[in-house]
Amino acid sequence: MYIIAWYMERELPNKKKIFTVYESYKPVFAEVLHNIEAELKKTIKIGSAPTYKARIKSFESYYKKVLRQKPIEAAESSELITLTDMMGIRVICAFLEDLEIVRKQLEASFSVQEVERKGAEQSFREFGYESVHVLISIPENCFPTINVSPALPKNIVCEIQIRTILQDAWAEVEHELIYKSEFNPFDKPLRRKLASINASLSLADTIFQEIRDYQNRLQSELGCRRNTFYDKADELTDKEMGIESHQVSAPQDLPKTEVASPYIKGSIDDLVLQALHEHNMGNFTQAVSIYTEILELKPEPNAVVCSVIYKHRGMAYFAQSEYEKALADFVKSEDCNKNNFRSIYYQGIIHSILGKDDNAIECFNRSLAIDSYQSHVYYRRALSYFNLGLYSEAMHDINSAINLGLNDSDVQMLKERLIKKFDMKV
């Protein structure tokens with residue numbers, strides 16, 4: 001009796017009134033979302049540009065949630081009833097590593113009210129929706145410029161969802177199959193199929209990240225190896241020019257990488273990483289041995305991979321001052337791939353170190369014919385022209401190097417020497 005009386009006395013929510021209020025705010029929500037998305041694009045900096053999806057919660061979804069979470073307020077209020085997910089922006093990233101980076105950048109740039117990791121509570125037997133949800137306060141510069149009556153509540157928040165591309169794909173499909181459908185899959189075979197699809201997507205995300213980790217580590221090793229090669233080439237050139245030598249990076253100064261390769265031990269990917277690491281640590285004999293092992297495996301596609309490995313082995317020989325062996329490998333690298341302009345450029349460096357400037361110029365010419373935007377090649381060719389007394393040609397190449405952005409102390413020193421040569425002629 002008392003329960004029936006309570007229901008009779010209670011004021012029920014006025015759906016039409018709630019609809020009118022909510023719809024009146026939609027233009028405001030749209031402007032706020034536009035402003036926040038612009039701020040996110042300024043704030044979020046990751047390797048691969050993320051995709052952004054902004055959405056305003058539909059009234060039907062909003063109304064159901066209001067009745068579920070705030071029934072009393074819905075019955076009594078004539079103002080906007082706020083929920084945390086009325087406005088949302090998805091930040092869709094390529095790799096798993098990006099999710100944490102984006103979260104930290106959000107926390108550093110916005111007032112974060114809450115961070116929730118959806119799906120984190122699932123056991124290893126379960127698969128389902130995964131996403132990082134970050135609730136942020138609306139920044140002052142993102143509030144609407146248009147007049148709103150009543151004003152937008154100051155405590156309103158925006159939900160930022162951070163996902164990978166595959167997590168977003170699963171969430172979209174799952175929403176259509178589960179939440180928008182009157183009948184969900186009840187039988188175990190269908191549920192198993194859904195679980196296996198999600199597991200496959202999760203595995204794919206993990207594999208993509210492993211490949212990304214491998215590439216990042218590989219690029220780090222390649223950068224160190226290339227720098228030490230150029231350091232030694234510059235040191236030898238400085239001695240020839242009679243100027244103060246560059247400081248060559250010592251092996252112990254190079255970054256040490258302890259992360260294990262995710263690839264099968266002894267695979268070509270694993271061996272390449274090992275060889276580069278040994279190379280960077282100054283263990284050149286060991287590096288040459290691993291490069292040779294890779295070549296003996298006859299990797300596929302043979303021409304492209306072998307060209308790269310011959311080039312690396314040549315650089316290891318160069319580091320040991322075995323210039324003839326280095327030159328032979330750079331030639332083999334070009335034989336495997338005629339467009340490998342760096343291997344041709346490296347041949348030119350060897351010829352110039354051996355005092356064969358005519359041969360060096362011929363190699364530099366061929367390298368520039370493939371890629372004419374190599375500032376360092378113009379500088380190296382200028383050095384060879386200078387050694388041969390071809391000062392006009394050398395000055396032309398120095399100016400080309402400067403125009404392409406290379407304007408360090410070596411370039412300026414050579415230019416000053418050339419100017420002196422011209423003054424002497426006058």
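**A tour of the sheet and its helices**

Select helix α5 (residues 96–109), which lies across β2, β3, β4 and β5 and runs at about 160° to β5; lying across implies contact, that is, heavy atoms within 4.5 Å. Helices (H or I, at least four residues) and strands (E, at least two) are DSSP runs numbered from the N terminus. Angles run from 0 to 180 degrees between N-to-C directions, with axes fitted to C-alpha atoms, for helices over the stretch in contact.

This is a predicted model, in which local features need pLDDT of at least 70 and side-chain atom pairs count only at pLDDT 80 or more, while totals for chains, interfaces and linings use all residues. Residues are numbered from 1 along each chain as its sequence is written, and side-chain values use heavy atoms, leaving out hydrogens and water.

Next, display the sheet: five strands form an open, mixed arrangement in the order β1-β2-β5-β4-β3, where pairing requires at least two DSSP bridges between two strands. The edges are β1 (51–56) and β3 (112–118); each has a single partner strand, so one side of each lacks a neighbour in the sheet. From one strand to the next, the twist averages 20°.

Now select β3 with β4 (residues 131–137): the two run antiparallel and are joined by six bridges. Lys 118 stands opposite Ser 131 in β4.

Turn to helix α2 (residues 15–43), which lies across β1, β2 (87–93), β4 and β5 (157–164), at about 165° to β1.

Finally, select α12 (residues 341–353) and α13 (residues 357–370), which pack at about 165° with axes 8 Å apart. These two helices are therefore roughly antiparallel (angles over 145 degrees).

Definitions and conventions
Angles under 35 degrees count as roughly parallel, over 145 as roughly antiparallel, 65 to 115 as roughly perpendicular and the rest as oblique.
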